[in-house]
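Reader: Could you walk me through a few features of this model, one at a time? I would like to learn how to read each of them.

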Amino acid sequence: MFRLAAAFIVVVSIAACGRGGSESSPPPPTEWFVERAAATGLDFVHFNGMSGELYYPEIMGPGVGLFDYDNDGDLDVYLVQGQMLGAGKTAEQAMFPPRGVPRDRLFRNDLAPAADGTPLLRFTDVTDASGIDVRSYGMGVATGDFDNDGRVDLYRTGLDRSVLLHNDGNGRFSDVTARSGTANAGGWGVSASFVDIDRDGWLDLYVGNYLFYSLDGDLDCLAASGQPDYCPPNSYRPQPDRLYRNRGDGTFADVTRAALTGGADGPALGVSTADFDGDGWMDIYVGNDGTANQLWINQRNGTFKDAALLAGAAVNAAGNAEASMGIDAGDFDNDGDDDLFVTNWLAQMNILYVNLGGGLFEDRKAVSGLGPPSLAKTGFGTAWFDYDNDTWLDLLAVNGSVSTIEAQARAKDPFPLKMRNTLYRNLGNGRFEDVTARAGSGLELADVSRGAAFGDLDNDGDIDVVVGTASGPARVLINNAGNRNRWLGLRLEGRHGLGARVAVVRASGPVLWRRARADGSYASANDPRVIVGLGGDAGPVMVRVQWTNGDTDEWTNVAVDRWMTLREGEGR
């Protein structure tokens, strides 16, 4: 069904032209990204439960979730916590004891204008008031409104089980894991995604499971220096993923065996969903650690077929499987289909799979310039995002080692896995430039970075990043570069909004295709709203939304430099 309308659009908020920031005194213009966790009140330190035993889970979390839980128009933050590892050991015996009781935390965004009119970003810890009390060893977050009540719910993965938290709409959440049937019991879940696999308007759930692991079965391994070190993933057996179909009554059916032909055999770390072959049905791409990745193409009958090998997206151009921690899908070359970026282990290089059309891919990590700069870095969270709003999608990869860095160990660093993150600018010709050195103080930090969630925290028209750090503080990277260019922010409302494709048609230049998605990255949930960078184009533009049920709406004469809400079915 096709609908056309003039711009009958609800304006949520309009940012002032010029630079925004999290404080009344913005940083110098040279600072593209600044770190503002402490200044904004996001006071969270991850506890990985390490006691010197080198248990494998210590190096795999945490993820981050960005979502608007109170429907007030700004992004709140969910942060995943760990627990003490080792039978009979208490948190006081940890190498880095936690501050208080270790549990997940929810921070409310209390965004307000500062005295000079710029957005003032402040976070308030509302965990106690929310009723959330999750104290298992956590990994990641997925977000989506699974019961279509207009409120975003949370799915939190963990070392031996997952938790589904229903948003009750009064600032509180209820644990509905048992009733929903989504506990993933015994599963080491990492990344997960809410995705409507059958176009019925009810979000289903894909859970990427990692390894069969227990503390009792933890193995002892050595580094090249002969010193004890964390084991590689192939030391343990991979664990199959799970696919849950939403029944529409608050419960889910485990359809893994029937739906995923041949089996989702893991060990999964990254999950990204999109319509990769352009047939109007959502597909699922899964990054497996050390084994071939899987591209689950939707057969439109409740089943999926793994087409990754024939499509050129299972292994690299040399035929080798890679680590595949973080994944994101996006149209970096503005040709109308979604390409894939995958972060890898330090000796492998990150990989760019370019979509040639119809869901066929080619490894172009070398010619794109994305591969060589990633050597000697181990990437985790990542996303396509237009940080400077010049119409071309750029990349951030957050990094942290999984094995001892000898120089840091010799310097007596108790957790010697720290690395700097990397920002790549899209040059618009199929190539990228490493611009980390010019990006500002926010990218000068060296951490054990893991999850990364991308979204416009201060509603100023550019995308910020919250990074989860293993055994360290969460980081808030505020973008001060993007809103120097024109932009358009869109919030899609409707049962078929998550996963919808958005086309922005300008008076000149290619159509800009973006996707409303919350998944991708590593163990994290992104802002489901859509920000489209327009460069110097002052508009107006035409916006076309292709909802996941196949319907299409259009709005004409859309003004730019503002946030707007587009409701499904109102484009007429």
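**Reading the model**

Author: Let us begin with a link: the one between Cys 221 and Cys 231 is right-handed, with 100 degrees about the S-S bond. The model is predicted, so local features need pLDDT of at least 70 and side-chain atom pairs count only at pLDDT 80 or more, while totals for chains, interfaces and linings use all residues. Residues are numbered from 1 along each chain as its sequence is written, and side-chain values use heavy atoms, with hydrogens and water left out.

Reader: How many disulfides are there, and how far apart are the sulfur atoms of Cys 221 and Cys 231?

Author: A disulfide is a pair of cysteine sulfur atoms within 2.5 Å. By that rule the count is one disulfide, and the sulfur atoms of Cys 221 and Cys 231 lie 2.0 Å apart. The pair links distant parts of the chain, 10 residues apart: Cys 221 is in strand S16 (residues 221-222), and Cys 231 is in the loop between strand S17 (228-229) and strand S18 (242-246). Helices (H or I, at least four residues) and strands (E, at least two) are DSSP runs, numbered from the N terminus.

Reader: Are Cys 221 and Cys 231 buried or exposed?

Author: Buried means under 20% relative accessible area, exposed over 50%, and partly exposed in between (1.4 Å probe, protein chains only). Both Cys 221 and Cys 231 are buried.

Reader: Which residues lie on each side of strand S36?

Author: In a regular strand the side chains alternate between the two faces of the sheet. In S36 (residues 464-469), six of the six residues are buried. Asp 464, Val 466 and Gly 468 are on one side, with Val 465, Val 467 and Thr 469 on the other, and both faces are covered.

Reader: What pairs with S36?

Author: Two strands pair if DSSP finds at least two bridges between them. Strand S35 (residues 449-455) runs antiparallel to S36 and is joined to S36 by five bridges; here Gly 455 stands opposite Asp 464. Strand S37 (residues 475-479) is also antiparallel to S36, over three bridges, and Arg 475 is the bridge partner of Val 467. S36 and S37 form a hairpin with five residues between them, and Ser 471 in the turn has a positive phi of about 50 degrees.

Reader: Where is Gly 461, and what is Gly 461 in contact with?

Author: Gly 461 sits in the loop between S35 and S36 and is buried, with a relative accessible area of 0%. Contact means heavy atoms within 4.5 Å. Leaving aside neighbours within four places in sequence, Gly 461 contacts Asn 389, Asp 456, Trp 487, Ile 531 and Trp 563.
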